[in-house]
Amino acid sequence: MQSADGNVVTKPSSFRPGSDTPFIVGLSILSGTYVAIILAMIAADLAYVDADSIMSALRSKEIQYSIGLSLLSCSLSTLLSLWVAIPLGYLTSRFEFPGKRLLDTVLDIPIVLPPLVIGISLLALFNFAPFSWTSEWVVFEIPAVILAQFMVACAFAARAMRISFDQIPTRYEKVALTLGCNRSKAFWLVVMPQAKRGVLAAGTLAWARSLGEFGPILVFAGSTRMRTEVLPTSVYLEMQAGNLKGMLAISLIMIVAAAAVLVTSRLMGMKRLEP
Amino acid sequence: MISVESLHVRQGEFSLSDLSFNLPAGTYGIVVGRSGCGKTTLLEAVCGLRQIAGGRILLGSEDVTNHKPGERGVGYVPQDGALFPHLTVARQLAFALALRKTEPKLIKERVEELSERLGISHLLNRMPNALSGGERQRVALGRALSIRPKYLCLDEPLSALDDQTHDEIYELLVQTVKGTGVTVLHITHNKREVEHLADIVFRMAGNELHREK
């Protein structure tokens with residue numbers, strides 16, 4: 001068939017874009033496999049341990065101490081992380097300044113470094129003043145646990161906060177400035193109320209990272225029972241003692257704790273923080 | 001009067017240079033020009049929201065070049081209104097007055113007066129996500145007028161509205177702003193707004209601002 005200007009044209013009805021089914025099926029298989037493996041892992045943990053192992057783990061004074069210290073240290077390192085990550089995220093989201101790229105790269109260091117190296121670096125740092133003045137109360141003590149968790153968790157929280165602030169258009173601050181706010185008031189009155197969900201997400205991320213932190217804690221805080229023992233340390237100590245069931249019981253406790261934080265933050269995010 | 005003298009603004013690769021204009025007190029000035037020609041940059045410079053590299057900005061007889069945005073007494077309405085998503089309509093209107101630690105009774109009176117004038121009295125307890133496009137622009141205008149500004153900067157305030165709402169807000173601008181002594185700098189693409197609202201029209205092209213009317 002030819003058009004008015006003599007070119008061959010294809011009949012509209014003869015063209016078919018092809019089926020979407022293979023694409024959707026491919027997506028589903030690849031995604032589904034990963035999700036299935038995650039659920040299968042948790043199911044395997046559950047199948048391996050019995051209620052007795054979990055109860056005996058929960059009754060153990062060492063594990064009770066470890067759960068307590070984990071909850072306390074994760075919460076403190078999360079608060080510290082947010083305290084630093086919120087200003088850091090806002091600074092990198094809103095301001096252009098010399099050395100910003102360098103700052104971005106430095107903030108990536110705790111994310112890309114092997115966690116063990118963070119612990120070794122902290123140990124090295126506390127050999128030098130002014131840090132060495134406090135090393136007696138920090139290194140191989142509870143503050144070392146919190147500091148090791150904070151160093152990694154804060155970098156993740158700062159990234160999350162930056163993304164959160166990037167998603168809030170600057171127009172709101174501009175209007176607030178014309179209405180009489182200074183930068184600080186615009187931040188507290190206009191930006192932060194909109195960043196609540198971001199703070200919650202960054203806090204959840206920091207808490208979860210802190211709970212799973214092991215390498216830096218082992219190196220910087222040690223693995224002394226009833227002193228610097230957190231849940232990952234307990235898993236490690238049980239493994240060394242050859243107690244597979246105990247190890248899995250503690251792992252399940254960690255899974256439950258992480259899931260509880262995740263679900264709580266999702267629910268709070270959905271119900272209370274809708275702008 | 002809004003007076004801009006040899007304004008230079010640099011923003012990444014974009015720049016405005018040696019831009020000057022005068023808008024007499026109480027007039028309604030409209031700036032037209034292609035997208036990306038720097039109209040918003042000019043407006044934000046007048047509001048104090050852009051760092052300027054050179055030149056002077058005068059509001060009345062006062063040189064405000066180095067004044068903070070909140071010290072200039074300029075009401076600003078951005079393109080989509082930019083209502084604070086976490087505040088009710090009443091609190092949007094009271095926002096600037098609360099910052100100035102105005103007495104609660106006076107704030108209440110001002111909010112009532114503004115909401116009546118703008119036809120949004122029934123919306124005072126609503127959140128911005130429960131407002132239509134036209135209602136949002138009314139609230140944004142009310143919020144900007146709450147400080148009784150001598151100058152008003154409007155950045156395409158009608159562009160996101162459907163035809164009927166466009167006409168409503170356009171009428172509202174005529175009633176509440178035009179001829180009230182407020183000097184207005186309004187940027188737009190819309191010819192009807194130019195024909196009906198403008199006392200003075202500037203066309204912005206290639207770093208120059210020509211007076212057309």
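A residue counts as buried if 20 or more other C-beta atoms, placed from the backbone, lie within 10 Å of its own, as exposed if 12 or fewer do, and as partly exposed in between. This is a predicted model, in which local features need pLDDT of at least 70 and side-chain atom pairs count only at pLDDT 80 or more, while totals for chains, interfaces and linings use all residues. Residues are numbered from 1 along each chain as its sequence is written, and chains are lettered from A in the order in which they are written.

| Residue | Phi | Other C-beta atoms within 10 Å |
|---|---|---|
| D18(B) | near 50 degrees | 12, exposed |
| A82(B) | near 45 degrees | 23, buried |

D18(B) belongs to strand β2 (residues 14-23) of chain B, whereas A82(B) sits in the loop between β6 (74-77) and α2 (89-99) of chain B. Strands (E, at least two residues) and helices (H or I, at least four) are DSSP runs, numbered from the N terminus.

Now to where the chains meet. Contact here means C-beta atoms, placed from the backbone, within 7 Å. On that basis, 14 residues of chain A touch 16 residues of chain B. On the chain A side, α8 (171-179) and α9 (183-191) are the elements giving two or more residues, and α8(A) gives the most, with seven.

Chain A also has a cis peptide bond from A129(A) to P130(A), with omega near 0 degrees. P130(A) is in the loop between α5 (115-125) and α6 (135-138) of chain A.

Definitions and conventions:
Two residues are in contact if their C-beta atoms, placed from the backbone, lie within 7 Å.
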